[in-house]
Amino acid sequence: MTLDSSRAAALAGTDVLIVGGGIIGCALADRLALAGASVRVCEAGGSASGTTAHGEGNVLVSDKGPGPELELAQFSRGLWPGILERIAERLPEEVVAVEWEPKGGIVVATTDAGAAALDEFARGQRAAGVHCEDLDADRLAEAEPALTRDVTAGVYYPDDAQVQPVGAAAALIGSAVAAGALVETRCAVTGPIVRDGRLIGVRTTKGSRYADVVINAAGPWSGRVSDLLGAPIAVKPRRGDVLITAPMPPTVFHKVYDADYVGAVGSSDAALQASAVVESTRGGPLLLGSSRRQCGFDDRLRPDSLAAIARKALRLYPVLADVAIMRAYGGFRPYVDDHLPVIGPDPRLPGLWHATGHEGAGIGLSVGTAQLLASALTGHAVGVDIAPFAVDRPAVIASHPSQPTTEKVSC
């Protein structure tokens, strides 16, 4: 899907500054540059070096119940193949690095209570238009031979997919640059430039940058950026960890996770939440997740988190007992208390827009978010209502504004 000529004309000549060069910023740059805007991306670190580089590359519909986020996920999932096909026409090598795999997902329960909850969850998703089907023991064993037989229910989601997250971001920003976008790395925001009550640019460590529209797409650091700009939003970091095994022969053929994963993602508990998520990569290693914990920007790997992930992965795949762990990494996800992204204009400061708060779903939701925001900029609807993601909802507007600071922020 592309913006039609009337929408492109509406953005032609518009100067857009995107703060943040992760997957959301890259998707925005691609969409807006193709729509005719003059786009500049300011990234405090290296491109896609923050949250994007520390995720699993999920493009999921299976983990979202009926509601606005699921609608955005379905919309975004429908966009991915066409966008990759478009990029492949101009940048074939970039698309190869994306490693697009529409391999589907399987959600399993290992208790009777879990099976009942999974059945209810899947029925709600089907009513919302999600394609999913129950798997009996024989079909589950055929789909995942190494999976434990101690399973009480399984549901298959054919639309779940996976990308290599940094590769996907590189393809999107490569397409944007080919359309004229500029990218500045090591360029941190230090303050706003306001004229007559309107944001007309930002001060950065590389000088002043002016724009008609400034988009805060700084992921977990969006709260800090919003503080600096004088319009604070309550986006905070939520840490997640991943284990990576040594390369293995083909063992796991779908994204497989325990039904507990949905509860861990949806929980507002600040303490450690862990669930079993197991999936393969093209290079051979398996990715084992996942955990959630609110600990600020503390980037230490914690043994209790890694041990919980390992135990739960072994519960699903006993064959992993003798497999070496090659490394572990953790990253910060942009978290909002009501578990919805923040997308749209900031009513307190004309000229400022936000595209953040996607937590662990940013990879999958990125292209849909970019389309939704681009359409909002031009006043054209795309079939997904932007209102539930509004900036001025109670969970987003900070209770009291923070004082601006000159601290560098990493996007």
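Across the whole of this predicted model, a search for aromatic pairs finds 4 of them. Two of these pairs are set out below, since a pair of aromatic rings is described by the distance of the centres and the angle of the planes.

| Pair | Distance of ring centres | Angle of planes | Class |
|---|---|---|---|
| Trp-80 and Trp-100 | 6.1 Å | 20° | stacked |
| Phe-297 and Phe-332 | 5.3 Å | 70° | edge-to-face |

The planes of Trp-80 and Trp-100 stand at 20°, and the pair is therefore stacked. Because Trp-80 belongs to helix H3 while Trp-100 lies in the loop between helix H4 (92-98) and strand S4 (105-109), the pair ties together parts that are 20 residues apart in sequence. Trp-80 has a relative accessibility of 1% and so counts as buried.

The rings of Phe-297 and Phe-332, by contrast, have their planes at 70°, which makes the pair edge-to-face. This pair links distant parts of the chain, with Phe-297 in the loop between strand S16 (286-292) and helix H10 (303-316) and Phe-332 in strand S17 (residues 325-335), 35 residues apart. Phe-297 counts as partly exposed at 26% relative accessibility, whereas Phe-332, at 10%, counts as buried. Together with Trp-221, Phe-297 and Phe-332 form one aromatic cluster, and the charged end of Arg-239 sits over the ring of Phe-332, at 5.6 Å from its centre.

The nonpolar cores come next. The largest of them has 70 residues, among which Ile-18, Leu-28, Val-39, Leu-172 and Ile-215 touch the most other members. Helix H3 (residues 68-90) supplies the largest share of this core, with 9 residues. A second, separate core holds 19 residues, including Ala-276, Val-278, Leu-288 and Ala-313. In soluble globular proteins, nonpolar side chains tend to be buried together. When neighbours within four places in sequence are left aside, the contacts of Ile-215 include Val-16, Leu-17, Ile-18 and Val-19, as well as Leu-28, Leu-32, Trp-353 and Leu-373.

An open sheet is formed by 3 strands in the order S9-S10-S11, with antiparallel pairing. Strand S9 (189-195) and strand S11 (207-210) are the edge strands, each pairing on one side only, and the twist from one strand to the next averages 30°. Strand S10 (residues 198-204) is joined to S11 by 4 bridges, and Gly-201 stands opposite Tyr-210 in S11. Helix H8 (residues 222-229) packs on this sheet, where the helix touches S9 and S10 and its direction makes about 40° with that of S9.

Definitions and conventions. Residues are numbered from 1 along each chain as its sequence is written. This is a predicted model: local features need pLDDT of at least 70, side-chain atom pairs count only at pLDDT 80 or more; totals for chains, interfaces and linings use all residues. Side-chain values use heavy atoms; hydrogens and water are left out. A nonpolar core is a set of buried Ala, Val, Leu, Ile, Met, Phe, Trp, Tyr and Cys residues joined through side-chain atoms within 4.5 Å. Buried means under 20% relative accessible area, exposed over 50%, partly exposed in between (1.4 Å probe, protein chains only). Helices (H or I, at least four residues) and strands (E, at least two) are DSSP runs, numbered from the N terminus. Contact means heavy atoms within 4.5 Å. Two strands pair if DSSP finds at least two bridges between them. Axes are lines fitted to C-alpha atoms, for helices over the stretch in contact, and angles run from 0 to 180 degrees between N-to-C directions. Rings of Phe, Tyr and Trp (its six-membered ring) pair if their centres lie within 6.5 Å; planes under 30 degrees apart count as stacked, over 60 as edge-to-face and the rest as tilted. A charge sits over a ring if NZ of Lys or CZ of Arg is within 6 Å of the ring centre and within 35 degrees of the ring normal.
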